[in-house]
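I opened the notebook to record what I looked up at the contact between two chains and around one ligand. The entries follow in the order of looking.

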Amino acid sequence: MSLEAIPSKILYIDLSSRSFWVKDRHELFQKYLGGAGVAIKLLHEEIKPNVDPLSADNVIVFTVGPLTGMYPLASKTVAMFKSPLTGNLGESHAGGRSAISIRMAGYGGIVIKGASDRPIYLAIHGDKVSFRDASTLWGMRSSYTVGRVLREFESGAGIRSIMRIGRAGERLVSYACVVTETYRHFGRLGLGAVWGSKRLKALVISGRRSIKPKDPKLYREVYNSIFDAVTKSPLMKKYHELGTSMNITPLNKLRALPTRNLKEAHFEDADKISGEAFAERFLGRRVACAHCPVSCIHLAILREPYVTEPYFYKTTMISYDYELIYALGSMLRLSSPEGLLKLIDEVEKEGLDAMSCGVALAWATEMLERGLITKDDLNGITLKWGDFDSYIRAVDQLVEQSTEFYKALAKGVEYASKRYGGEEFALSFGGNEMPGYHTGPAAHIGYLTGARHSHLDGAGYSIDEKSLASNVKLNVEQIVDSLIKEESWRQILSSLVICYFARGIYRPDMVVKALKPLGYDLNEEDLNRLGIEILREKYRFKFREGFDIKKLKLPKRVSETPSPSGQISPEFVMEGVNLYIKKLNLE
Amino acid sequence: MMVSSRLSVVDVDLCVGCQSCMFACTRRFGEGGLSKSSIHVRSAGGFERGFVVIVCKACEDPPCARVCPTDALRLRIGGGVILRKEKCIGCGNCVKACVIGAVFWDDESNKPVICIHCGYCAKFCPYGVIKLETQEGGKA
Ligand code: SF4
Ligand code: SF4
Ligand code: SF4
């Protein structure tokens, strides 16, 4: 069956009663496009105020957009839920095959409610939805194995997505992630723990539909121009060649690469773990998300000899990216690329958000260094900068939550530092751990205000970088204006689920063109207005759930360690945060 | 002298699994998505192992045509087959006969889709994995 170009069907699943139903929500997709826009509306509808994020009352929303399956790089799935890490809006995006599979199965979105009483996994093949027993998968030590089992058992090779959680999600670590296709993640804000609390181990989805545009001829023309731009643009080439890890070297040169829990913003051994070093020594394969010709996913090959068996090797493929190298590398001062790969692999197996995990381990190392905790708190492990073995063992203990300290750390550095001290150097922004850009005040205003608390919210780092390059210091109002402008446009991109790497191609005029043959009649102004509206909808949800600027604080460490833009003033940052909220004009 | 063409997989190790080729094949009909695609790319058992590109090999004596009870699959010049839709009864025998799985199914028309070796997909493969090759003296 072919679908209409504007998505409409939402699949609702109730895990408590093991039932499902489909509703036509054409009006939502007509007005809010898809992705982030539709997800925030559904979240408002589905989640009652003040529910416990780890209770059956939390709801998981997945959405894709009208460009998914139609144009290249509209390849992300947006997940929204209430975050167990921040207690507020949770938003996380992942690629892989997730978005294409959801759309090709016939849906614009999926809403998962309730909780199962025993481990379960969902198999969605087109219209067929099955609730399958996942007792055997529960507790498996590696998220790779779970993927392998499901790959053998379920149909749909090549047109399916296999999402799953690791032990971290089962054991409700607040920053557990959901892994999709082994190497992509709904990384931030703890979606994995929400799955764990619902006893949802995995979700397999597949389909093979086609989609009828309103104007097929125009559709092919626009397609060709986008494809051309994507495959010829130098912008995309960099993502293909070195991938995001190309950022290590320039950010380090700039002195904006957080190192040793941000005691410094420069890593003396950065050249050993840079994108160039990985590409030259370890790169084994590049892969792509479905319907994305760029292929920015970089897999390293790690070959480890067995100590006991001569000429026996364990060969592992491990995906790396800028954020992982920052959080598990420079933050922990790891200069051994092999050690770093092993640590990344461990984090991947357990299903943790690499960024939160790295920041948590960095904070714990400093806690031990200052004598605020002891070896006993760490169950005998001495965390030491650069000692990857100790970190690998600590990840296991963290997931096991073998001591009171690990239990607290599993709830994030903000929570743990409230109990154990060390708040001044706990790099938490509204409950979420810091991304890897210490570029200047705009980045930090962005971390505190962004809905996803990601460096990709409003791209503060790039505002800082531009101001550095042009040697023009921006005042607080200028920073806030550019953050809001960028972030509201990003609401459109993430409603169309366009990968942010393609933002240089999907500029406003291109988006207008791409939407036309599908049957949307929107101009640039309409899009800008809608972007702001979606951003405001998110804030309405945040405030409803108790978001409070007065409770937000810039970690002291941020203002102590100079950034390339100079010493960061907490007053300046907080003024920016206040102005940001004021300018959004929520009432 | 007859000139014919066929799609060939030049180097599967270059494939990144982007599936641009699959989407291109359905787009020949002005549609998005995949239901009309006659090329399929899947992982070789996990992304880390690379990919498998499944497409009609243009058999000279095609088993898919041999098992067709209504003669709906006519031999194509240069190998492979062409579907005569009006004759096809949707029995699915051809699907089973092609051991490499290159007969795909379009649920909408309830008929097979098999590569016609037009090469449209190859234009959208950014990595040169697949190529349309022309050969002289193709057999019918
Ligand atoms: S569909 Fe299969 S059996 Fe038929 S010609 Fe192609 S490869 Fe041969
Ligand atoms: S050659 Fe033509 S028919 Fe065959 S797979 Fe490519 S686009 Fe489809
Ligand atoms: S377009 Fe080329 S690289 Fe992409 S999946 Fe097809 S064959 Fe592989």
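I counted Ala, Val, Leu, Ile, Met, Phe, Trp, Tyr, Cys and Pro as nonpolar, Asp, Glu, Lys and Arg as charged, and the others, Gly among them, as polar. This is a predicted model, in which local features need pLDDT of at least 70 and side-chain atom pairs count only at pLDDT 80 or more, while totals for chains, interfaces and linings use all residues. Residues are numbered from 1 along each chain as its sequence is written, chains are lettered from A and ligands numbered from 1 in the order in which they are written, and side-chain values use heavy atoms, with hydrogens and water left out.

Ligand 3. I found 8 nonpolar, 3 polar and no charged residues in its shell. Among them are B:Cys15, B:Cys18, B:Cys21 and B:Cys125.

Interface. I looked up the contact (heavy atoms within 4.5 Å), and it takes 39 residues from chain B and 40 residues from chain A. The side of chain B divides into 15 nonpolar, 14 polar and 10 charged residues.

Salt bridges. With a side-chain nitrogen of Lys or Arg within 4 Å of a carboxyl oxygen of Asp or Glu as the rule, I found 2 across the interface of chain B and chain A. A:Lys212 forms a salt bridge with B:Glu108, with the closest N and O atoms 3.5 Å apart.

Strands. I took strands as DSSP runs (E, at least two residues), numbered from the N terminus. β14 (residues 210–212) of chain A runs antiparallel to β2(B), and 2 bridges join them. In this pairing A:Ser210 stands opposite B:Gly33.

Conventions
A residue is near a molecule or strand if one of its heavy atoms lies within 4 Å of it. Two strands pair if DSSP finds at least two bridges between them. Helices (H or I, at least four residues) and strands (E, at least two) are DSSP runs, numbered from the N terminus.
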